[in-house]
Amino acid sequence: LIEQKEIMLDKDAKVILEYLEKHHGIMPFTDKSDVEDISNVFHMSKSAFKRALGHLYHLKKIELNKENTRLVGE
């Protein structure tokens, strides 16, 4: 089960990174975003989204703000 979660974490993080790259390095979604919005846009649960955001944050690939999420350096 843990291995499955780690595999999905990488896939979910990739989905978020691709979204950011297609939207000039910024997105209006954060760990506080609505469950339905996350599901509709990213096709993942809010908990999976939050895990992926945390993973990207710890890798220093994104900056988390109250209003948005940005790629580092954007």
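Biologist: Which residue just after H2 takes a positive phi?

Modeller: Heads-up, this is a predicted model: local features need pLDDT of at least 70, side-chain atom pairs count only at pLDDT 80 or more, and totals for chains, interfaces and linings use all residues. Residues are numbered from 1 along each chain as its sequence is written, and side-chain values use heavy atoms, with hydrogens and water left out. Helices (H or I, at least four residues) and strands (E, at least two) are DSSP runs, numbered from the N terminus. Just after H2, the residue with a positive phi of about 55° is His43.

Biologist: Is His24 buried or exposed?

Modeller: His24 isn't a glycine, yet its phi is positive, about 55°. You'll find His24 in the loop between H1 and strand E1 (26-27). Buried means under 20% relative accessible area, exposed over 50%, and partly exposed in between (1.4 Å probe, protein chains only). His24 has 72% relative accessibility, so it counts as exposed.

Biologist: Which residues does Phe42 contact, leaving aside its neighbours within four places in sequence?

Modeller: Phe42 is among the core members that touch the most others. Contact means heavy atoms within 4.5 Å. Setting those sequence neighbours aside, Phe42 contacts Val15, Ile16, Tyr19, Met27, Phe29 and Phe49.

Terms used: Core = buried A, V, L, I, M, F, W, Y, C linked by side-chain atoms within 4.5 Å.
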